[in-house]
Amino acid sequence: ERQPSSASTAADESSASKSAPSSEDYGYSVFPKRDPGADYKAPARFIGFRAWRHNRCLKNVLDCSMTDPFIRYLIVAIRSRGCSFTLSRNVSCERCRFSFSGGYDPMRKQVAVCENEFWAKPGICSVLRHELIHAFDDCRAVMFKGADEEAKEPNESLDRLACTEIRAASLNHCMLGAAKMEGYTGMFNYAGQHQHCVKSKALMSVLAARQISRPEGEAAIERVFDRCYADLEPFGRIPASLKSFRSDCDRFIIDGARYGYSIQEARQRTGNAAPGSASGSPSAS
Amino acid sequence: VNPTDHLATMPIAEASTKPAEEQQSQQPNPKLDRYSWLIRPCSIYKEELRVCRSRAYRKHHEFVYGAQPDCSQWAVDYDNCLQQNDDRPAFEALVLSEMRRRHARLRAMTGNDVWQYRDQPPAEWNSPLPSGAAEASTVDRLTLTGADEALNSSFEQYGVLGPMSIGARMSQCTLL
């Protein structure tokens, strides 16, 4: 199925506090509801097109979580790591400023799904898959250290962002058919072009999330590419198709159970994830 | 860059310190018995072999790695799986192969030193949302709370794959 071609995802890392440089807003300007500095009040819409669109976004988020095996496996993987993932607390449908499709907010640990551009099911599923990879990486590793420390070590935070974007691009996007349609490869000259596609998409995402120049973004991606391209968790393989039965027959789910990504593990680590309950209790496994 | 395939032929230090040719003529190695859980059901090796030989996967592998896929290891593993109960060297070879694959995957993960892996999940993961711009409205919270229960019960009832929707096709899998 078609990938959303133009809009890229954005907005990792926290917004600017008073001490951080004012030029770097870490992509939070895209999501007006999340920027604590702005006096933006999202007006509630109960009738009209915006209400319909918002409800359709919520419905599609639920549909994607119920039917898409990649999304369900990612949710199980996040829960297996001890981070309770629930739709009410960790996913939010909201209107964004520019032509983005979504983002992950590590300050509030929320996946923000933009309902501007896409609200049909394929787009929402694609956005959710992409942002769930960011959430998974945030759950298992330190992605964001606080605005002050981010200002002190800009290269390392940029490397972590580039790593997440490389993984999200290689595991969710850049399938052969989509890469052909979007022009990342030729019709027949496609050998070894997956890396080119992944680097291009990761570069687009990194440039959208940070106020850096293109050569800086490219340098960051080159620094981390080998290590991050090889890290295929939680799938363990690069999926060949959006329909898992065409490429994998959901074998990544069966294999994942042996690496700690299973419903039993999730139940043990999070205790069925009631919102507001304390997470992160160390399990005895 | 071919991330993990070159590690699949690496010998594992725990199994034996002797080179691979001498391993097959050795006495049965009792240390491998505790790793028998690594062996998957034989239908999975058959399915992996079928997918590896398919045209779609061949194109995908060329796209990603720039070379033809090598399905011989899956064929060897499938044969060994069928004979594992009768043939001790087959069992040991299969266990070693699975150990190599597991080693390759875990090594790819731990070799990613761009970030520091956490011991505990972040403490602020489930903290309540700050009252302010990002707070969900009351209507949203009511809607999504029902969605929470639906999602959790669907995991309990149907497992990872979820209920079959009306538009779901019969898959091409030979696994049942």
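Which residue lies over the face of Phe225(A)? I looked this up to begin with, bearing in mind that the model is predicted. The residue is Lys199(A), placed 4.6 Å from the ring centre.

**Entry: a charge over a ring across chains**

I then turned to Tyr259(A). Its ring has the charged end of Arg102(B) over it, at 4.6 Å from the centre.

**Entry: the interface**

I looked up how chain A meets chain B. On the chain A side 97 residues are in contact, and on the chain B side 68. The two chains bury about 7,200 Å² between them, and carbon and sulfur atoms give 60% of that area. In chain A, the residues that lose the most area to chain B are Arg72(A), Arg258(A) and Tyr259(A), which together account for 10% of what that side buries. Tyr259(A) is also the residue whose ring lies under the charged end of Arg102(B).

Eight salt bridges are counted between chain A and chain B. I also noted a salt bridge between the side chains of Arg237(A) and Glu48(B), at 3.1 Å from N to O.

**Entry: aromatic pairs**

For Tyr73(A) and Phe252(A), the ring centres are 5.3 Å apart and the planes stand at 70°, over the 60 degrees required, so I record the pair as edge-to-face. Tyr73(A) belongs to helix 2 (residues 69-80) of chain A and Phe252(A) to helix 11 (residues 251-256) of chain A, so this pair ties together parts 179 residues apart in sequence. Both Tyr73(A) and Phe252(A) are buried.

In chain B I looked at Tyr45(B) and Trp74(B). They form a tilted aromatic pair, with 6.2 Å from centre to centre and 45° between the planes. Tyr45(B) is in helix 2 (residues 42-53) of chain B and Trp74(B) is in helix 4 (residues 72-82) of chain B, so the parts tied together here are 29 residues apart in sequence. Tyr45(B) and Trp74(B) are both buried.

**Entry: helix 6 of chain A**

I looked up helix 6 of chain A, which covers residues 154-172 and has 19 residues. From first C-alpha to last, helix 6 reaches 27 Å, close to the 27 Å expected at 1.5 Å a residue. Of its 19 residues, 16 are buried, so the rest of the structure largely encloses this helix. Helix 6 is followed by Cys174(A), which has a positive phi, near 60°.

Key. Residues numbered from 1 in each chain as written. Chains lettered and ligands numbered in written order. Predicted model: local features only at pLDDT ≥ 70, side-chain atom pairs only at ≥ 80, totals over all residues. Heavy atoms only, no water. Helix = DSSP H or I, 4+ residues; strand = E, 2+ residues; numbered from the N terminus. Expected span 1.5 Å × (residues − 1). Buried < 20%, exposed > 50% of the residue type's maximum accessible area, 1.4 Å probe, protein only. Phe/Tyr/Trp six-rings, centres within 6.5 Å; stacked < 30°, edge-to-face > 60°. Lys NZ or Arg CZ within 6 Å of the ring centre and 35° of its normal. Contact = heavy atoms within 4.5 Å. Buried area = accessible area lost by both parts, 1.4 Å probe. Salt bridge = Lys/Arg side-chain N within 4 Å of Asp/Glu carboxyl O.
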